[in-house]
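Work through the exercises below with the structure open. Try each task before reading its solution.

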Amino acid sequence: MQLSLVPHPQSPPSDPSFRLWVDLQHAGSLGAKATTNLWFCVGAPMSRFVIPAPGDPERTDDLWQATCFEAFLKADGQPHYQEWNFAPSGNWAAYDFTDYRSDRTDAPVTQPPYVRLQDNFTWWQLGATFAVEARADWTLGLSAILIEQDGTKSHWALAHGAGEPDFHDPVCFAARLP
């Protein structure tokens with residue numbers, strides 16, 4: 001499945017001609033773990049962006065303060081949800097929330113996500129593979145924060161709510177896992 005992200009009108013990129021999309025694969029059986037594979041694809045040269053240096057991947061807070069990609073998962077009719085963050089450095093984070101931005105805790109993760117970066121010269125992509133509970137009713141929010149070399153910071157999502165960029169807004173949960 002391929003999904004397009006759109007920039008927030010209050011924080012667009014310096015050049016609105018490029019696009020950002022996500023290629024998504026999700027497989028698993030109900031009652032077990034499911035594997036989710038995301039490729040966040042940025043249709044502009046990687047050299048245009050501030051990219052954190054690669055290192056030994058580790059769980060790290062506040063990745064959203066730099067170039068970062070995110071996935072949010074929420075079961076139908078439930079207030080709680082999970083947030084995953086992936087940085088080009090390989091660092092990652094996973095959080096559980098009991099409700100909209102409430103009671104954030106580190107999500108239990110038995111196997112860290114596999115995060116990788118690929119530079120295709122005229123465009124680039126970040127891949128993230130991670131395991132989640134297998135459910136038939138996951139709604140999904142996908143988002144990105146891109147920081148350009150000139151300091152421009154743009155916020156991208158499947159959909160945006162009113163006001164400032166807020167990826168936790170229920171409006172942003174605009175897709176379903178297949």
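The model is predicted.

**Exercise 1. Locate Thr 67 and describe its surroundings.**

Step 1: Thr 67 sits in the loop between strand E3 (33-42) and strand E4 (68-75).

Step 2: The relative accessible area of Thr 67 is 0%. Buried means under 20%, so Thr 67 is buried.

Step 3: list the contacts, leaving out residues up to four places away in sequence. Thr 67 touches Val 50, Ile 51, Pro 52, Ala 87, Pro 88, Trp 124, Ile 145, Leu 146 and Ile 147.

Step 4: The backbone oxygen of Val 50 is reached at 2.8 Å. The backbone nitrogen of Ile 147 lies 3.2 Å from a polar atom of the Thr 67 side chain.

Step 5: check a C-alpha distance. Thr 67 and Trp 21 are 46 residues apart along the chain, and their C-alpha atoms are separated by 15 Å.

**Exercise 2. Find which side chain makes a polar contact with that of His 168.**

Step 1: His 168 belongs to the loop between strand E11 (153-157) and strand E12 (175-176).

Step 2: is His 168 buried or exposed? Its relative accessibility is 8%, so His 168 counts as buried.

Step 3: collect the neighbours, again without residues up to four places away in sequence. His 168 touches Phe 72, Tyr 81, Glu 83, Phe 97, Tyr 100, Arg 101 and Phe 173.

Step 4: name the partner. The side chains of His 168 and Glu 83 are joined by a polar contact of 3.4 Å.

**Exercise 3. Trace the salt bridges of Arg 48.**

Step 1: start from the total. The structure holds four salt bridges.

Step 2: take the pair with Asp 15. The closest N and O atoms of Asp 15 and Arg 48 are 3.9 Å apart. The cut-off is 4 Å, so the pair counts as a salt bridge. Asp 15 lies in the loop between strand E1 (2-7) and strand E2 (20-28), and Arg 48 in the loop between E3 and E4, so the pair ties together parts that are 33 residues apart in sequence. Asp 15 is partly exposed, at 31% relative accessibility.

Step 3: take the pair with Glu 148. Here the closest N and O atoms are 3.0 Å apart. This pair links distant parts of the chain, 100 residues apart, with Glu 148 in the loop between strand E10 (138-147) and E11. Both Glu 148 and Arg 48 are buried.

**Exercise 4. Characterise the salt bridge between Asp 166 and Arg 101.**

Step 1: read the distance. The two side chains meet at 2.8 Å, N to O.

Step 2: locate the partners. Asp 166 lies in the loop between E11 and E12, and Arg 101 in the loop between strand E6 (92-97) and strand E7 (105-106), so the pair ties together parts 65 residues apart in sequence.

Step 3: Asp 166 counts as buried at 16%, whereas Arg 101 counts as partly exposed at 44%.

Step 4: return to Arg 48. Salt bridges that share partners join Asp 15, Arg 48 and Glu 148 into one network.

How values were computed:
Residues numbered from 1 in each chain as written. Predicted model: local features only at pLDDT ≥ 70, side-chain atom pairs only at ≥ 80, totals over all residues. Heavy atoms only, no water. Helix = DSSP H or I, 4+ residues; strand = E, 2+ residues; numbered from the N terminus. Buried < 20%, exposed > 50% of the residue type's maximum accessible area, 1.4 Å probe, protein only. Contact = heavy atoms within 4.5 Å. Polar contact = N/O pair within 3.5 Å; in protein donor to acceptor, adjacent residues only side chain to side chain.
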